[in-house]
Amino acid sequence: MQEIAQFPVTKGEEKHSSALSSDQKRTLVQKVVSSQVFGRAPALRAFLLYITEQAISGQTEKLKEQAIGAEVLGRKPNYDPADDNIVRVRAHELRERLARYFATEGSAEPVVVTIPRGAYAPEFVPREGVPVGRPVGAEVTEIVHEPAKKPPWAGWRWLALAAILLVAVSAAMVFSRLSTRSENHTVAIGPDGALRDFWGQFFLKPNEELKVLYSDPSFALWQDLNGKTLNLGEYLNHKYLNLKNDKFSDVAARRVTSPADIAISTRIGNLAGEFGGQTSPRFARDGSAEFLRYGNTVLIGSHRSNPWVEIYEPSLNFDLGQDPHSNAPAFLNRSPEQGEAQMYSIPAMFDTQRTEEKEFASFGVIALLKGCGDRGLTVLLEGLNMQATQAVGDLVTDPQRLDGLLKSIGHKPGTTVAPFEALIQITSLPAEYDNPKVVAYRLRHPESCVGN
């Protein structure tokens, strides 16, 4: 595979970084990972965020292949890079994506981000003709202050750390930055089209709150390692964290979340602000019945990583289960219609056969549910793997993709979206996904409600 040529830099400055401050570097990288080029590559976004933060903070020991593989790409801490070249493969992909971004969407950026071959520390290099001493971050700073494009992570040092699976980071500190409020907006403004049809009903009052409950991947991993399936009650009593002689209890105790959850929550936070509302994000382990009892909510993850989904599952047609042949997670179709399957599964548990490095079909579910009484509206976003979770999150937050989704289920544009369930199929690729499409859906009765 041929490397993409390096960008031209100022003559004589090949080994010098730009004059960007740490915050300007973070802002530039945030623009990069928020671009369309990186839109369906959560692992590469996490990779770039991680190495940027470690480089800025001077933690060079974490810019080594072993550390990146373990802290970013889910490898075991003692894995052997000589036998598993996943970091080098992802680094090559990351260099290609950076080249593509700065040749297209970022072609006007005065500074480009590069990763030298044989190293993992990012460099911020002025384009040809831009003096090193010039305050090249000024253009970036101006973009930050555009109301419609302000970055969701002001001072997002914690973002890079929290985006890494299996790193013991307080997710609450990360998502506290996702809460957004716009005092100058009213519900009369905000996105039009599909976004208004879907999300407008969540923000009918000024400063309306949308509760976001994001997943606990450590809980899912503990179940996988122990071959068990725990319910919401067992999750809440925390007994699984105190089992004697359980070598995996330390894993389960870690408060982490996934890059997909962060990306989805960020985009929902942005939408809330555009509608004049705000989000109140919370880690699944900090959830409570009282938190979910009133108002509108979004739950990210299936019941294995977000057990609160269990409350809504009895009323769902597409319910998370298990493939009896491979033990892999699967969506069960309670009442198959003509042409539909009874089960939609991935090939195997992703970490046992390293299917995250292969191309295969995966599935996700989007459900818009009407709560009984004062429970308001609930959105469920579930995926059989991280790419599928990212896909369903993109489908409900990107205007073009949401428009396509709503057309697929027969929604009439310009009207409020009624409760529904949609089963989404994607092509899961290493670090990204492709070809999302609706393979089955159910329109729920407008008066039906859940959560008595």
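Guide: Happy to, and keep in mind that this is a predicted model.

Visitor: Is T378 buried or exposed?

Guide: T378 has a relative accessible area of 3%. Buried means under 20%, so T378 is buried.

Visitor: Which residues does T378 touch, leaving out those up to four places away in sequence?

Guide: You'll find T297, L299, Y312, A367, L368 and L369 around T378. Also have a look at K211: K211 and T378 are 167 residues apart along the chain, yet their C-alpha atoms are separated by 9.3 Å.

Visitor: And the chain as a whole, how many helices and strands does it have?

Guide: The protein chain has 15 helices and twelve strands. Of its 452 residues, 54% count as buried. If you take contacts between residues at least 6 apart in sequence, 66% of them join residues at least 24 apart.

Visitor: How many residues of α2 are buried?

Guide: For α2 the count is 13 of the 16, so the helix is largely enclosed by the rest of the structure.

Visitor: At what angle do α1 and α2 pack?

Guide: Helix α1, residues 22-33, packs on α2 at about 175 degrees, and the axes are 10 Å apart. Angles over 145 degrees count as roughly antiparallel, so that is the label for α1 and α2. On the α1 side of the contact are S22, K25, R26, V29, Q30, V32 and V33, and they meet R45, L48, L49, T52, E53 and I56 in α2. Sorted by class, the residues of this contact are six nonpolar, three polar and four charged.

Visitor: How do the axes of α14 and α15 cross?

Guide: At roughly 95 degrees, with the axes of α14 (residues 386-397) and α15 (residues 399-408) coming within 5 Å. That makes α14 roughly perpendicular to α15. Here D394, L395, V396 and T397 in α14 meet P399, R401, L402 and L405 in α15. This contact has five nonpolar, one polar and two charged residues.

Visitor: Which residues of α9 are buried?

Guide: In α9, residues 217-226, they are P217, S218, F219, A220, W222 and Q223. These buried residues pack against α10 (232-237) and α11 (249-253). After α9 you reach G227, whose phi is positive, near 65 degrees.

Visitor: Now disulfides. Where should I look for one?

Guide: A disulfide is a covalent bond between the sulfur atoms of two cysteines. A search of the whole structure finds one. This disulfide joins C372 to C449, with an S to S distance of 1.9 Å. The torsion about the S-S bond is about 90 degrees, so the disulfide is right-handed. C372 lies in the loop between β9 (360-370) and β10 (377-383), and C449 in the segment after β12 (432-443), so the pair ties together parts that are 77 residues apart in sequence.

Visitor: What relative accessibility do C372 and C449 have?

Guide: C372 is buried at 9%, whereas C449, at 35%, counts as partly exposed.

Methods
Residues are numbered from 1 along each chain as its sequence is written. This is a predicted model: local features need pLDDT of at least 70, side-chain atom pairs count only at pLDDT 80 or more; totals for chains, interfaces and linings use all residues. Side-chain values use heavy atoms; hydrogens and water are left out. Buried means under 20% relative accessible area, exposed over 50%, partly exposed in between (1.4 Å probe, protein chains only). Helices (H or I, at least four residues) and strands (E, at least two) are DSSP runs, numbered from the N terminus. A disulfide is a pair of cysteine sulfur atoms within 2.5 Å. Axes are lines fitted to C-alpha atoms, for helices over the stretch in contact, and angles run from 0 to 180 degrees between N-to-C directions. Angles under 35 degrees count as roughly parallel, over 145 as roughly antiparallel, 65 to 115 as roughly perpendicular and the rest as oblique. Contact means heavy atoms within 4.5 Å. Ala, Val, Leu, Ile, Met, Phe, Trp, Tyr, Cys and Pro count as nonpolar, Asp, Glu, Lys and Arg as charged, and the others, Gly among them, as polar.
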